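Take a look at the model below before reading on.

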Amino acid sequence: MSITTFGDICMKHLESPTRSRSTLLSEMPGRVKAVTILPLLLLVAACASPPGEIDAWPITGAQESEFSGTVVDLLCELNGNCTDNCGEGNRQLGVKTDSLGTVLVAKNLTDFSGAADELWNYCGQVVDVNGLFTTHQGVRFFQVQNVRPPEGKWLKATRYSEAWVARSGKDAGMARNWHEHDERVKAIIKRDGYLGLGQQADDEYFE
Amino acid sequence: MQSRSVSILKCLCYSVVFTLGMAGQSSAMEGKKVTLTGEMIDTWCYVSQIMGSSAVVTGTAHHVCAVWCAAGGIPVGLLNKEDNKVYMVLSFEGDETSVANEKLLNLQSHELTVKGTVFELDGLSYLNVDEVVSDNGIVNLTHEDFGIVPGQAAP
């Protein structure tokens with residue numbers, strides 16, 4: 001089968017479940033790699049694996065990892081300023097481990113969103129997590145893709161969408177592209193423009 | 001004699017209570033007071049380089065995406081001019097909300113000078129911003145070189 005489109009790559013990949021998903025990116029022809037990131041992220045979503053499995057993302061040098069640790073509130077860890085439940089989604093969280101230290105969990109599986117909603121329910125508990133490490137200039141980030149609570153099953157790290165719908169009061173159908181429907185974001189763009197420099201700068205640049 | 005024994009006993013009790021009280025606290029780390037100047041950035045795109053090199057995902061080219069990511073709760077960072085290090089913001093002017101903080105949303109891509117406290121933990125630098133000394137607005141005009149990144153962040 002010749003590979004010419006993202007869909008072909010996805011189907012070929014899904015038809016070969018024993019092969020590592022990390023091979024997905026390396027199979028892409030050069031011209032496919034050259035297109036914008038959005039279709040690729042949509043492909044990732046379309047090819048989403050079952051709970052517990054790690055998906056490849058178009059991140060150079062990303063390393064798959066699975067480990068166990070305690071869910072901690074970073075502000076609490078650093079300066080002793082703690083809340084009852086890790087801030088209930090309002091604070092940045094980490095997973096404290098014996099082998100890796102305290103890992104900042106910066107990202108989840110939903111586009112443009114972080115990981116607090118994926119973890120705060122397990123504040124102070126030991127969970128299993130897996131996903132991708134990415135490192136640049138000595139800064140190491142972890143993208144959580146799956147969480148396994150104590151004595152539970154693996155869960156995809158996509159709770160953000162559900163939480164956004166609950167917080168925003170928007171229709172669930174908007175959750176996939178939540179960033180386009182978020183009233184906070186819309187207000188900032190309306191005020192400052194897409195460049196952040198005001199409407200006049202936008203008019204001149206995008207004309 | 002009896003009164004002296006009572007005093008010693010009281011002293012011992014206070015000591016035990018004090019020690020237990022300290023043990024109940026989370027182990028606070030010693031932070032370092034700093035003044036930093038740099039751009040408020042979307043840390044995920046900067047570190048992962050998922051949309052291109054780090055230069056591409058700062059400034060005006062990446063402004064809308066930076067707002068999206070801050071609204072979505074990805075850590076906002078200050079990219080310090082002096083050492084080119086990323087400092088993850090955990091509190092801002094007394095507000096301990098570091099996920100989708102309204103003030104931080106509105107400061108994405110701005111160049112700020114801040115006073116605050118830095119904590120180092122397992123290779124990362126975290127910052128509690130005590131005070132914004134100055135806000136120079138958005139001065140990194142990357143759209144002139146890179147356009148809008150990602151393309152979907154254009155009107």
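Helices (H or I, at least four residues) and strands (E, at least two) are taken as DSSP runs and numbered from the N terminus. By that numbering, Ala100(B) lies in the loop between S3 and H4 of chain B. The model is a predicted one.

Chain B holds five helices and five strands, and their order along the sequence is α-β-α-α-β-β-α-β-β-α. Of its 155 residues, 53% are buried. When contacts in chain B between residues at least 6 apart in sequence are considered, 69% of them join residues at least 24 apart. The accessible surface of chain B is about 7,000 Å², and carbon and sulfur atoms account for 56% of that surface.

The contact with chain A involves 53 residues from chain B and 53 residues from chain A. Between the two chains, about 4,800 Å² is buried, with 66% of this area coming from carbon and sulfur atoms. Within the share that chain B buries against chain A, Trp44(B), Val47(B) and Trp68(B) provide 14%, more than any other three residues.

What polar interactions accompany this contact? There are 15 residue pairs in polar contact between chain B and chain A, both residues being at pLDDT 80 or more. Several elements of chain B each supply at least two residues of the side that touches chain A, among them helix H2 (43-48), strand S3 (86-92) and strand S5 (124-135). H3(B) gives the most to that side, with seven residues. Sorted by class, the side of chain B that touches chain A has 31 nonpolar, 19 polar and three charged residues. The count of salt bridges between chain B and chain A is one: the side chains of Glu96(B) and Arg91(A) meet at 2.9 Å, N to O.

The backbone has some details to check. Most residues other than glycine have a negative phi, and most peptide bonds are trans. Ala100(B), although not a glycine, has a positive phi of about 55°. Ala100(B) has a relative accessibility of 18% and therefore counts as buried, the cut-off being under 20%. Ser109(B) is not a glycine either, and has a positive phi of about 75°. Ser109(B) sits in the loop between H4 and S4 of chain B. Is Ser109(B) buried or exposed? Its relative accessibility is 2%, so Ser109(B) counts as buried.

The peptide bond from Val149(B) to Pro150(B) is cis, with omega near -5°. Pro150(B) belongs to the segment after helix H5 (143-146) of chain B.

Definitions and conventions. Residues are numbered from 1 along each chain as its sequence is written. Chains are lettered from A and ligands numbered from 1 in the order in which they are written. This is a predicted model: local features need pLDDT of at least 70, side-chain atom pairs count only at pLDDT 80 or more; totals for chains, interfaces and linings use all residues. Side-chain values use heavy atoms; hydrogens and water are left out. Buried means under 20% relative accessible area, exposed over 50%, partly exposed in between (1.4 Å probe, protein chains only). Contact means heavy atoms within 4.5 Å. Accessible areas come from the Shrake-Rupley method with a 1.4 Å probe; for residues, only the protein chains shown count as cover. Buried area is the accessible area (1.4 Å probe) that two parts lose on being put together, summed over both. A salt bridge is a side-chain nitrogen of Lys or Arg within 4 Å of a carboxyl oxygen of Asp or Glu. A polar contact is a pair of N or O atoms within 3.5 Å; within protein, one must be able to donate a hydrogen and the other to accept it, and residues adjacent in sequence count only if both atoms are side-chain atoms. Ala, Val, Leu, Ile, Met, Phe, Trp, Tyr, Cys and Pro count as nonpolar, Asp, Glu, Lys and Arg as charged, and the others, Gly among them, as polar.
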